[in-house]
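User: Can you walk me through this one? I'd like to go over the domains and the charged pairs.

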Amino acid sequence: MIDSKTLTQFNIEEQQKISGATGELTLVISDIATACKAISNGLKNGALADMLGSLDNENVQGETQKKMDVLSNDIMLHVHRHFGHVAAMASEEMEEIVYIPDNVKYGKYLVVFDPLDGSSNMDVNAPLGTIFSVLRAPAGITSPTTQDFLQPGTQQVCAGYAVYGPSTMMVLTTGNGVNGFTLSQDIGEFILTHPQIRIPEDAEEFAVNMSNQRFWEAPVKRYIDECVQGKDGPRGKDFNMRWVACMAAEVHRILMRGGIFMYPMDEKLKAKGLGGKLRLMYEANPMSMLVEQAGGASTTGRERILDLQPDDIHQRVPVVLGAKNEVERVTRYHQE
Ligand code: AFP
């Protein structure tokens, strides 16, 4: 029995509240949802569909591509190239931005995505995700350049992710709170199941890749060390830890039950000349918008992520996000 709104109904109602809205953003979100349904289907048969394992090629990030990385990227590109509604796209998997064909209706939005987040989880049947961000194409421009994508996260008009776990969910914001939709296997629609999600301001759960501990900077070492000391330490309470190696699943858990997530700067990343592990435009910005819209906070440790002016479409940054009071504590430790 479906007794809640579908994603499409929800977005049309939201669109009707905005005077002068053309419905184009609703169409873009609907295309992304279609792609996520197709990716969800692609993931389901796993080894039976020969979808495990890697290909011989590397992506622009220098990472070996999984078969599902390529399929998910193709699906995201295909829906937008086929239906139009966007001006251009940028994918974590591709060096250059992608245009839509001339014969397709040109839209006013730029779509940025990580088609398959946490793809190493594919081979171990653990959660994966798709992360997306929608920006406005500069007015009057019919052929956007990479430069036109380099907008701070505060300019995003929509951000969200799909998480492919025991159920497939899509969680998104258009700047008016965060809402979660579960994909009904019966009718093939995303149904509103988690309206107006909020992140508690305090937390007792952190997510970080502890194997990097010895490479972290002092403020992060201090924060995690105090959490690990639990009741006997300065925090006076016990903390739990989780690490799924899929940012979409990690942020989803924080939106569902609170906590803090971090992929901080470390010596290994510095030695490779990288500004962090996670990508600003494909991961950090959309997740930061969601987290802030749900009452949380997001920082590099030193600056609010949404305020960063990107200088490269594949730029990487340190990320600390989640429960407001915990993120503020990490920021304070950086200042001290
Ligand atoms: P992929 O999308 O390349 O699989 O990377 C996932 C990710 O960007 C992010 O979702 C995870 O939080 C992080 O990397 C995991 O990194 P480690 O493997 O270093 O823990």
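**Salt bridges and domain contacts**

Analyst: Starting with charges: a network of salt bridges links E205, E250, R253 and R257. Keep in mind that this is a predicted model.

User: How many salt bridges by this rule?

Analyst: The count comes to 18. One of them joins the side chains of E336 and R222, at 2.8 Å from N to O.

User: Where do E336 and R222 lie?

Analyst: E336 is in the segment after α9 (324-335), and R222 is in helix α5. E336 counts as exposed, at 63% relative accessibility. R222 counts as partly exposed, at 35%.

User: What about E328 and K324?

Analyst: Their side chains meet in a salt bridge of 3.3 Å, N to O. Both sit in helix α9, four residues apart, which means about one helical turn separates them. E328 is partly exposed, with a relative accessible area of 37%. K324 is partly exposed too, at 31% relative accessibility.

User: And D307, which residue does its side chain meet in a salt bridge?

Analyst: R304, at 3.0 Å from N to O. D307 counts as partly exposed at 48%, and R304 counts as partly exposed at 34%.

User: Switching topic. What does the domain assignment give?

Analyst: Domain 1 (7-194) and domain 2 (205-335). Their centres, taken over C-alpha atoms, are 23 Å apart.

User: How many residues are in contact between domain 1 and domain 2?

Analyst: 47 residues of domain 1 are in contact with 32 residues of domain 2. The two domains bury about 2,800 Å² between them, with 65% of it on carbon and sulfur atoms.

User: How many polar contacts and salt bridges are there across it?

Analyst: There are 12 residue pairs in polar contact between domain 1 and domain 2, both residues at pLDDT 80 or more. The rule finds one salt bridge across the interface. E92 also forms a salt bridge with R279, the closest N and O atoms being 3.8 Å apart.

User: Which elements supply the domain 1 side?

Analyst: β3, β5, β6, α4, β7 and β8 each supply at least two residues of the side that touches domain 2. The residues of that side divide into 24 nonpolar, 18 polar and five charged.

User: Last one: E217. Buried or exposed?

Analyst: Buried, because its relative accessible area is 17% and the cut-off for buried is under 20%. E217 lies in the loop between β11 (205-207) and α5 (218-229).

User: What is E217 in contact with, leaving aside neighbours within four places in sequence?

Analyst: M265, K270, R302 and H334. With K270, the side chains are joined by a polar contact of 3.4 Å.

How values were computed: Residues are numbered from 1 along each chain as its sequence is written. This is a predicted model: local features need pLDDT of at least 70, side-chain atom pairs count only at pLDDT 80 or more; totals for chains, interfaces and linings use all residues. Side-chain values use heavy atoms; hydrogens and water are left out. Buried means under 20% relative accessible area, exposed over 50%, partly exposed in between (1.4 Å probe, protein chains only). A polar contact is a pair of N or O atoms within 3.5 Å; within protein, one must be able to donate a hydrogen and the other to accept it, and residues adjacent in sequence count only if both atoms are side-chain atoms. Contact means heavy atoms within 4.5 Å. Domain bounds come from an automatic or database domain assignment. Buried area is the accessible area (1.4 Å probe) that two parts lose on being put together, summed over both. A salt bridge is a side-chain nitrogen of Lys or Arg within 4 Å of a carboxyl oxygen of Asp or Glu. Ala, Val, Leu, Ile, Met, Phe, Trp, Tyr, Cys and Pro count as nonpolar, Asp, Glu, Lys and Arg as charged, and the others, Gly among them, as polar.
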